[in-house]
Amino acid sequence: LVQVTNSKKRSKISLSKIQKLTERLVQNLKVRAELHITLVSDSQMKRINRLYHGTNTTTDVLAFPGPQNWPIRNHPPSFLGEIVISVDRVCAYAKRFSMGHDEELMRYVAHGILHLLGERDDKPEAHKKMYARQERLINLLKPIPKIIF
């Protein structure tokens, strides 16, 4: 079960498309768990990052394994975690890397899922391995439909 929430009210985003694409990723990874995705603005992400990581900056994606690490909601034992994505970062990085917004958003979803499954990207070799796996997942979704309008 994948739930998607848009807390960035000014963005028109197809939550159902994100949900369906995420379910495809989760099925491919053979994961049977509940997963939540919350879309936020840079300012909201900065607040979350400060609260949970003590860092007073925004970031693109945060993954909170659950249920013990993300106490905002009550979750079942099968809860994999929550992925928080800054839509502002999606748009900025998509422009910087000449990438479609929709593909960049799903890249953050894939990245967050991999973190929830225990993958790390804090060392060069781990980063390289995780990035390759993330890109294989993104390729499974192509062509990615229009998500952000």
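**View 1. Helix H3 and its buried face.** Helix H3 (residues 87-96) buries Val87, Arg89, Val90 and Ala94; buried here means under 20% relative accessible area, exposed means over 50%, and partly exposed is in between (1.4 Å probe, protein chains only). Look down the axis of H3 and these buried residues fall within an arc of 155°, so they line one face of the helix. That arc is taken over the directions from the helix axis to the C-beta atoms. They pack against strand E2 (34-40), helix H2 (42-53), strand E4 (79-86) and H4, where contact means heavy atoms within 4.5 Å. Turned away from the buried side of H3 are the exposed residues Lys95 and Arg96. Helices (H or I, at least four residues) and strands (E, at least two) are DSSP runs, numbered from the N terminus.

A quick note before the other views: this is a predicted model, with local features needing pLDDT of at least 70 and side-chain atom pairs counting only at pLDDT 80 or more, while totals for chains, interfaces and linings use all residues. Residues are numbered from 1 along each chain as its sequence is written, and side-chain values use heavy atoms, with hydrogens and water left out.

**View 2. Helix H4 against helix H5.** The axes of H4 (residues 101-116) and H5 (residues 124-141) come within 9 Å and cross at roughly 130°. That makes H4 oblique to H5; angles under 35 degrees count as roughly parallel, over 145 as roughly antiparallel, 65 to 115 as roughly perpendicular and the rest as oblique. Axes are lines fitted to C-alpha atoms, for helices over the stretch in contact, with angles running from 0 to 180 degrees between N-to-C directions. On the H4 side, the contact uses Glu103, Met106, Arg107, Ala110, His111, Leu114 and His115, and H5 brings Met130, Arg133, Gln134, Glu135, Leu137, Ile138 and Leu141. By class, the H4-H5 contact has 7 nonpolar, 3 polar and 4 charged residues. Ala, Val, Leu, Ile, Met, Phe, Trp, Tyr, Cys and Pro count as nonpolar, Asp, Glu, Lys and Arg as charged, and the others, Gly among them, as polar.

**View 3. Helix H1 against helix H4.** The axes of H1 (residues 15-28) and H4 come within 11 Å and cross at roughly 40°, so the two helices are oblique to each other. Ile18, Leu21, Thr22, Leu25 and Val26 of H1 meet Leu105, Met106, Val109, Ala110 and Ile113 of H4. This contact of H1 with H4 has 9 nonpolar residues, 1 polar and no charged ones.

**View 4. Helix H1 against helix H5.** Here the axes of H1 and H5 come within 10 Å and cross at roughly 125°, so this pair is oblique. Leu21, Arg24, Leu25 and Asn28 in H1 meet Leu137, Leu140 and Leu141 in H5. The tally for H1 with H5 is 5 nonpolar, 1 polar and 1 charged.

View 5. Most residues other than glycine have a negative phi, and most peptide bonds are trans. Lys30, in the loop between H1 and E2, has a positive phi near 60° and is exposed at 74% relative accessibility. Ser98, in the loop between H3 and H4, has a positive phi near 50° and is exposed too, with a relative accessible area of 70%. The peptide bond from Lys142 to Pro143 is cis, with omega near 0°, and Pro143 sits in the segment after H5.
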